[in-house]
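Here's a quick tour for anyone meeting this structure for the first time. Have a look at the sequence and the model, then read on.

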Amino acid sequence: MPADETLPVRSSHDIVVVRQVVRTWAMDIGFNLVEQTKIVTAASELARNTIDHGGGGSARLQRVQNGGRAGLRLTFEDKGPGIADIDLALKDGYTTGGGLGLGLSGARRLSNEFEIQSRPGEGTRVTITRWK
Amino acid sequence: MERIPILKMNEFLLVSIQVDMHDRLAMTLQDDLTDRIVRDRARGVLIDISSLEIVDSFIGRMIGNIAAMSRVLDAETVVVGMRPAVAITLVELGLSLPGVRTSLNVDKGMELLRSSLADGGNGQRHAGR
């Protein structure tokens, strides 16, 4: 299994593929069932955001190591309109897309590390990491 | 077009979601179910999600919508078979499926539907809660 892989995130079907590949990686790293479910769910939320708000983009999977700890890092990137107010976008229930507004905030809760970079007009990059 | 089958059993509709649903498939199911509730005069909908490995906010919203729509159409919805890991993740995600009745398995779900129909008043259409 490679330690680095990038998948397209452009269609509803791509979200399903991202979920399946993230699941395979999480199992391979040795995450238990609850941990697998959490990172796969977070990936599903972020992949959908990439499509709905970013107009499509990519998902990068990386197997990471910190001392003796293995982890899975996922980076979702788009070249969409970006997020003007990140604090607001991270609030539970805030939405511009007609959803529940739980995508970003929920993905953050389901991860151990969360980072978001965005500039209006340039796109958005969200990185999450879950450690074993 | 790909569709999730809906089975009719007396006054109930049964749906067992066996695939990792993409978003359009979830929307189609929502539309199909509301159509069938009316066409079959169904009084209850049982959705088995025991095969689902995750429920994200999109699928969660679809389940909530189905429950709300069926209530408006005078039918009850029960979701059965949620895996423990899915339940833990859903709550952490921030979704507790308000307004959705759940049971551990299909048998208990059917029991719940039957008893809530019986409570609705001797075969008469109930007026809701």
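## Ground rules

This is a predicted model, where local features need pLDDT of at least 70, side-chain atom pairs count only at pLDDT 80 or more, and totals for chains, interfaces and linings use all residues. Residues are numbered from 1 along each chain as its sequence is written, chains are lettered from A and ligands numbered from 1 in the order in which they are written, and side-chain values use heavy atoms, with hydrogens and water left out.

## Where the chains meet

On the chain B side, 20 residues touch 24 residues of chain A; contact here means heavy atoms within 4.5 Å. The size of an interface is often given as the accessible area lost when the parts come together. For chain B and chain A the buried area is about 1900 Å², with 57% of it from carbon and sulfur atoms. That is the accessible area (1.4 Å probe) that two parts lose on being put together, summed over both. In chain B, I54(B), E92(B) and L93(B) lose the most area to chain A, together 30% of what that side buries.

## Salt bridges across the gap

How many salt bridges cross the interface of chain B and chain A? The rule finds six, taking a side-chain nitrogen of Lys or Arg within 4 Å of a carboxyl oxygen of Asp or Glu. In one salt bridge, D20(B) pairs with R19(A), and their closest N and O atoms are 2.6 Å apart.

Another salt bridge links D56(B) and R48(A), at 2.9 Å from N to O. D56(B) sits in the loop between β3 (44-48) and α2 of chain B, while R48(A) is in helix α2 (residues 33-52) of chain A, so this pair joins two chains. Over all chains, the count comes to 15 salt bridges.

## Two helices side by side

Now for α1(B) and α2(B), whose axes come within 10 Å and cross at roughly 10°. Helices (H or I, at least four residues) and strands (E, at least two) are DSSP runs, numbered from the N terminus. Axes are lines fitted to C-alpha atoms, for helices over the stretch in contact, and angles run from 0 to 180 degrees between N-to-C directions. Angles under 35 degrees count as roughly parallel, so α1(B) and α2(B) are roughly parallel to each other. Among the residues making the contact are L29(B) and L33(B) of α1(B), and F58(B) and M62(B) of α2(B).

Note on methods. Parallel < 35°, antiparallel > 145°, perpendicular 65-115°, else oblique.
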